[in-house]
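Work through the exercises below with the structure in view. Try each task before reading its solution.

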Amino acid sequence: MRPVRIIIAVVFAATIAVTGCAAHSTAVNPKIDGPAPVPVPEPNPIPVPVPVPNPTPTPKAPVLADGHYDAYVRQVDSGRDRLVVDLVQVFHDQAAVTEAIADGQSRNDAQYLSTYVRNENPRLRTLTLAGNVRVELFGGECEAPLIHKLSVLAAHARSGANSYYYVLTVDGGAVQRIQELRTSNAC
């Protein structure tokens, strides 16, 4: 068994010697064709601004579409030409009686109503006043200047009383006309 081990050891040593010499010869004596290339660093590219498309501003949708709306006025900001309103439903004559009863008023109280205002939604909307807004108020305010009419309207809004409601005419996203109406009978 000893001769087998000796033979294996000799074959193994010969294999290492041949492999080691081959590896050593290529590593020690590399083929040289000239001077080794010197790596040239790439120049830092100058950042070129990429044009960003200028987005076209999307026009704001009007708060209310063109038309007529019944509302309570909650705030008037004449300095910024704004009006804060609470839209309501208004019923007249027999419809007023019917709807008031449906909302829980007694038949005795509702039978004399000529106007009934229902306000189910507390959402407030801020509207733009047109530059030439017409304001029609009760109480001889027909010939008063606009700033005075807006002051009276603001006082009604601050009082919190719902004695008046207003028909708003909206056109082009702005309130063109405000007409004051009573929520109760005049007498």
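**Exercise 1: a residue in a strand**

Ala-130 is buried, with a relative accessible area of 10%. Buried means under 20% relative accessible area, exposed over 50%, and partly exposed in between (1.4 Å probe, protein chains only). The model is predicted: local features need pLDDT of at least 70, side-chain atom pairs count only at pLDDT 80 or more, and totals for chains, interfaces and linings use all residues. Residues are numbered from 1 along each chain as its sequence is written, and side-chain values use heavy atoms, with hydrogens and water left out.

Task: Find the element that holds Ala-130, then list what Ala-130 touches, not counting residues up to four places away in sequence.

Solution.
- Step 1. Ala-130 sits in strand S5, residues 124-136. Helices (H or I, at least four residues) and strands (E, at least two) are DSSP runs, numbered from the N terminus.
- Step 2. Ala-130 touches Ala-174, Val-175 and Gln-176. Contact means heavy atoms within 4.5 Å.
- Step 3. Take Asp-171, 41 residues from Ala-130 along the chain. The C-alpha atoms of the two are separated by 8.8 Å.

**Exercise 2: helix H4**

Task: Check the span of helix H4 and say what covers its buried residues.

Solution.
- Step 1. H4 covers residues 146-159, which is 14 residues. The expected span is 1.5 Å times one less than the number of residues.
- Step 2. That predicts 20 Å; the end C-alpha atoms of H4 are 20 Å apart, so the two agree.
- Step 3. The buried residues of H4 are Lys-149, Leu-150, Val-152, Leu-153, Ala-154 and Ala-157.
- Step 4. Their cover includes strands S1 (67-77), S2 (82-87), S5, S6 (164-171) and S7 (174-182).
- Step 5. After H4 comes Gly-160, with a positive phi near 75°.

**Exercise 3: helix H2**

Task: Decide how the buried residues of H2 are arranged around its axis.

Solution.
- Step 1. In H2, residues 94-102, the buried residues are Ala-96, Val-97 and Ala-100.
- Step 2. Down the axis, these buried residues fall within an arc of 100°, so they line one face of H2. The arc is that of the directions from the helix axis to the C-beta atoms.
- Step 3. Recall the general rule: an α-helix has 3.6 residues a turn, so residues three or four places apart point the same way.
- Step 4. The face turned away from the buried side of H2 carries exposed Gln-94 and Ala-102.
- Step 5. The buried residues of H2 pack against strand S3 (89-92), helix H3 (107-110) and strand S4 (115-118).
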